[in-house]
Amino acid sequence: MTNQEQQEPSSKDETDIRALIERWAKAVREENRAGIRADHDSEMLMFDVPPPFLSQGLDAYMKTWEMFFSCAEKPVAFDFHDVKITAGKDVAFATATGQCMDIDPKGKREELKFRLTMGLRKIDGRWRVMHEHHSLPAV
Amino acid sequence: MNTPSISSGDQEQVRQILEQWAKATRKNLREEILKNHAPDALIYDVLPPMKYEGTDAYRRSWDDWQPDTQGEGQFDLQNLSIAAGVDVAFAHCFIRCGGALPDGKTFEDLVRATFCLKKAGKTWSVAHQHISKPFKLSGEKS
């Protein structure tokens, strides 16, 4: 995460969600499957960059990561900037621009910038990811 | 258990705002389309330039991408699901769009949409929307 410039002091919820996103991105970089899903709800819905059109539920969500790892250069790059968090009392959302490195079977590398929107809900005092929307291109 | 309280009234308000947005887009009612958007709304769109910071930027480029649909096109929200909290909400759906172009050809598309809203006082406004289509990666093994 490179977005250190906060215009307003962060609330505890914002800080918690920022830490959640950092943990999640780190888990992706480390190909740590348990870490990737740790803060996600079992009923979550994902709109990913490549097809399928949507992935419903945690098992389908984890399949999108297998696809991602099969196309990503190693070690995996997965970084965000412009992370903006809007946290309400029980629902929150985050937006960011992400960066990763795609590599095709012939070894051709392509840096991809993508957009991220995340929808979260506070359940039993803990923020859970209910929705992710990743898409290309970012600009 | 501290389960989130879901106010059906808020959920219904958010639904109405999104359906009004879709209707205004379908009927090309330009003054209505951004009626319930915050002035600083962040818009990730499906066509270039892909990203707008603020509704003024979005309004300025409207003519560049709005298809020259003859008459009322199709622009319908499908599978709309809303998570409305006390003061923040998000929603996701598909948008089935299409219409007839001046040369008589028709087009049809299906896109994915996420909306994020904030409540100030009793009023919800759209703070962010993200519309996209899947994008096939060159490294994809299929």
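Mentor: Start with a term: contact means heavy atoms within 4.5 Å. Keep in mind that this is a predicted model.

Trainee: Fine. How many residues of chain B are in contact with chain A?
Mentor: On the chain B side there are 45 residues, and they are in contact with 49 residues of chain A.

Trainee: And how much area do the two chains bury between them?
Mentor: About 3,700 Å², with 65% of it on carbon and sulfur atoms.

Trainee: What about salt bridges, what is the count between chain B and chain A?
Mentor: The count is 0. For polar contact, the rule finds 15 residue pairs across the interface, both at pLDDT 80 or more.

Trainee: Which elements of chain B give two or more residues to that side?
Mentor: β1, β3, β4, β5 and β6 of chain B. β5(B) gives the most, with 8 residues.

Trainee: How do the residues on that side divide?
Mentor: Into 25 nonpolar, 11 polar and 9 charged.

Trainee: New topic, the sheet. What is the strand order in chain B?
Mentor: The order is β2-β1-β6-β5-β4-β3, an open sheet of 6 strands with mixed pairing.

Trainee: Which strands stand at the edges?
Mentor: β2 (51-53) and β3 (74-84) of chain B; each has a single partner strand, so one side of each lacks a neighbour in the sheet. From one strand to the next, the twist averages 20 degrees.

Trainee: How do β1 and β2 of chain B pair, parallel or antiparallel?
Mentor: Antiparallel, over 3 bridges. In that pairing I43(B) stands opposite Y52(B) of β2(B).

Trainee: Which helix packs on the sheet?
Mentor: Helix α1 (residues 8-26) of chain B, which touches β1, β3, β4, β5 and β6 of chain B. Its direction makes about 160 degrees with that of β3(B).

Definitions and conventions: Residues numbered from 1 in each chain as written. Chains lettered and ligands numbered in written order. Predicted model: local features only at pLDDT ≥ 70, side-chain atom pairs only at ≥ 80, totals over all residues. Heavy atoms only, no water. Pairing = 2+ DSSP bridges. Helix = DSSP H or I, 4+ residues; strand = E, 2+ residues; numbered from the N terminus. Axes fitted to C-alpha atoms, helices over the stretch in contact; angles between N-to-C directions. Buried area = accessible area lost by both parts, 1.4 Å probe. Salt bridge = Lys/Arg side-chain N within 4 Å of Asp/Glu carboxyl O. Polar contact = N/O pair within 3.5 Å; in protein donor to acceptor, adjacent residues only side chain to side chain. Nonpolar A, V, L, I, M, F, W, Y, C, P; charged D, E, K, R; others polar.
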